[in-house]
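Hi everyone, thanks for making time.

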Amino acid sequence: MKVQPKQILVALDYDSFNQAERICNLLNPDKFRIKVGKQLFSAEGPKILEKIHKLGFEIFLDLKIHDIPNTVYKSLLNIFNLKVWMTNIHLLGGQEMIQAAKQAQTESKSNSILVGVTILTSLNDEHLKKIGFQDGVKTIVSKLSSLAKEALLDGVVCSVEEVKNLKKTLGDNFLTVTPGIRIEAKKGDQNRVATIETALENKTDFIVLGREITHAKDSSKMINKIESYII
Ligand code: C5P
């Protein structure tokens, strides 16, 4: 199993910098990137990004922005000022909202990568039926990804099982970021899960790993194990 340096994004789903720092201190910024999501960002605010940048890490700011186009545009202008390596919107906000996000990226001349969340990996066809979607996960992920590509977004967040098809239809350069990754097959609250090995076989660009590291009995041991896969 060959993982590229910085291909794994470690999700620091904590309530404070102190807790997050414990894991940061175990990670080498030449080998891993950090994902900051709603939990840590809502507890610590934008200053958390500065602190993690100071430790030498590149950051994926995962706020899954989803609102009316004007609000998304204005929020993304603010986010691009934070100089994160990658950030995202939620594609269910629709075509105009996606275009507004892209406009913010273009106008701010940002180098940050902008990707769109398709369907959360915690959801399956049954969940979608309950909220009134006629199509299943596969079809909706394809449709949303095409909208993202049309709007010139850099890629999408999807599950490993969708990567092959998206790369085939939208091209190898269209980035895929895949959460719901486990070292060994098990699910928890994620429904569309896969192992690192399958993620690599399917040629995903970036792998999000959260609780496998943060909730491991021995996080240090787990990080060493994952590091042994990095070439
Ligand atoms: O590995 P673990 O399941 O703990 O990682 C989940 C992380 O990935 C969380 O931070 C969650 O917000 C994020 N995520 C997700 N599904 C998506 C997008 C992001 O689980 N579609």
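Let's start with strand 3, residues 59-65, which is mostly covered: 6 of its 7 residues are buried. Buried here means under 20% relative accessible area, exposed means over 50%, and partly exposed is in between, with a 1.4 Å probe and protein chains only. Helices (H or I, at least four residues) and strands (E, at least two) are DSSP runs, numbered from the N terminus.

A quick word on the source: this is a predicted model, where local features need pLDDT of at least 70 and side-chain atom pairs count only at pLDDT 80 or more, while totals for chains, interfaces and linings use all residues. Residues are numbered from 1 along each chain as its sequence is written, and side-chain values use heavy atoms, with hydrogens and water left out.

Back to strand 3 and its partners. Strands pair if DSSP finds at least two bridges between them. Strand 2, residues 32-37, runs parallel to strand 3 and is joined to it by 4 bridges; Val 36 sits opposite Leu 61 of strand 3. Strand 4, residues 86-90, is also parallel to strand 3, with 3 bridges between them, and there Phe 60 has Met 86 as its bridge partner. Together with helix 4, residues 69-80, strands 3 and 4 form a right-handed β-α-β unit. Right-handed means that, with the strands pointing away from the viewer, the path from the first strand over the helix to the second runs clockwise.

Now, which residues of helix 8 are buried? In this helix, residues 160-170, they are Val 160, Glu 162, Val 163, Leu 166, Lys 167 and Leu 170. Down the helix axis they fall within an arc of 135°, so they line one face of helix 8; the arc is that of the directions from the axis to the C-beta atoms. The face turned away from that side carries exposed Glu 161, Lys 164, Lys 168 and Thr 169. Among the elements covering the buried residues are helix 7 (137-150), strand 7 (175-178) and helix 9 (196-201), with contact meaning heavy atoms within 4.5 Å. Just after helix 8, Gly 171 has a positive phi of about 100°.

Finally, the whole chain. Its secondary structure comes to 11 helices and 10 strands, and buried residues make up 51% of the 231 residues. Of the contacts with a separation of 6 or more, 69% come from residues 24 or more positions apart. The C-alpha atoms fill a box of roughly 45 × 35 × 30 Å along the principal axes.
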